[in-house]
Amino acid sequence: MLSVPRPRFVCLLVVLFVATSFVSWRRFDKIQILRQPYPSRTGHQKQSHGLEMHISDVEIDDTNRHASPRTSKMSIVNPELGYRLNETITVKIVLFDHKNRMKTRGGDMLIVWMRDQGKGAASAGTVTDHGNGTYTGTLPILWTGQAVIRAAMVASSEKMAFANREFRHGYRGKILICIFNTTTLTETTPGHMESRLLNKGKVCNLTDKHYGVPLYCDRPKKRGIQCDHWTGVNSLKYVGLNQKNNSKWYFSSAGPQILPDVVRVNISTAQDTSLSAKIQCSRASVRSSWVSKPVGFFYNSTWHPLECFIDVSVKDYNRCLTNRTLRMFGDSTCNVITQIMFFLYTSNRRVVVTVQEIGVAHPPSINGNSLI
């Protein structure tokens, strides 16, 4: 029998254990990492080519070169006289600039949706960016009857490149104030999402503590206060962009702009008038809601998740939330939810909501009146 010295034998066991653990961990990592549910709003690997394709200042400032929703086209691919429930409809979108010239580059942010106003039905589709000025919209059929398909441009690649250029040149958006506290001392310092715009070499990197959102703050000057004493961030006011002659177009193009083309489709009547889930939401996996495309749809003006059905009644929600304090953590979207909550609940069933926004701290309000 072959004999191995004890120290060498122990080393071999350690090497074997490390190698086995490494292989097992890689397999475990594959299990833990979910495939990206929404690679981008446009379904492409890169959400915005405009920020990474180095669009020149000439292209940004020449608005005639920008993608124009008014001149762009949308048409259905392989049209049929009728469609069936759970089938897929594909539309093609071709972007043109303001001089009616076809775009040869992608990076624009588009959305597509289908709607039947009479049935209170609506659902969102996904958009794939082909990188050459053409896009493909994909929409699942989730109800029977008729539907109208529309598309809109949320932002052109040039518009996103313009905003990125302004940020690179020092635009802040909102003046951030970092707050540091100890048991006896307090200090505030300027903050920004880019360290290069603060004092070099004297910056606290608080990104990890800031939920992964980039945040850099000038290092406190008071003796006894360190970066670890950071407790929060506030904002003084919103700083608007300077409206120069070559950037006024940016302010006149706010919000999604709908393309003029309309696609109308007929969905054959079936036994089921709309798709319905079979699993209760209380028993469904939360992660699955990040994978489905789309997450759900409206029918009879009621939201229907695709992965599960809601098995909690309005009475259940009222009973659960009455005389309770509900704390919601997130960004400014929480303000919208807060406003809805206050509109829905009467004074005798008041729901007190505290909103803590990432990067900005201000209470929710309606018409300028604070709700808290």
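This note comments on the predicted model shown above.

1. Basis. Residues are numbered from 1 along each chain as its sequence is written, and side-chain values use heavy atoms, with hydrogens and water left out. As the model is predicted, local features need pLDDT of at least 70 and side-chain atom pairs count only at pLDDT 80 or more, whereas totals for chains, interfaces and linings use all residues.

2. Confidence. The mean pLDDT (the predictor's confidence in each residue, from 0 to 100) is 75 for the chain, and 71% of the residues score at least 70. Strand 2 (residues 88–97) has the highest confidence, at 96, and helix 1 (residues 6–32) the lowest, at a mean of 37. Over residues 6–51 the pLDDT is below 50, yet this stretch has 47 contacts beyond near neighbours in sequence (contact: heavy atoms within 4.5 Å) in the model. Residues 358–372 also stay under 50, with 38 contacts beyond four places in sequence.

3. Overall fold. Seven helices and 20 strands are assigned in the chain, as DSSP runs (helices H or I, at least four residues; strands E, at least two) numbered from the N terminus. Of contacts between residues at least 6 apart in sequence, 70% join residues at least 24 apart.

4. Ser 156. This residue occupies the loop between strand 7 (145–155) and helix 4 (157–168). Ser 156 counts as buried because its relative accessibility is 7%, the cut-off being under 20% relative accessible area with a 1.4 Å probe, protein chains only. A polar atom of its side chain lies 3.1 Å from the backbone nitrogen of Lys 159. Leaving aside neighbours within four places in sequence, Ser 156 contacts Ala 67 and Asp 108.

Conventions: Buried < 20%, exposed > 50% of the residue type's maximum accessible area, 1.4 Å probe, protein only. Polar contact = N/O pair within 3.5 Å; in protein donor to acceptor, adjacent residues only side chain to side chain.
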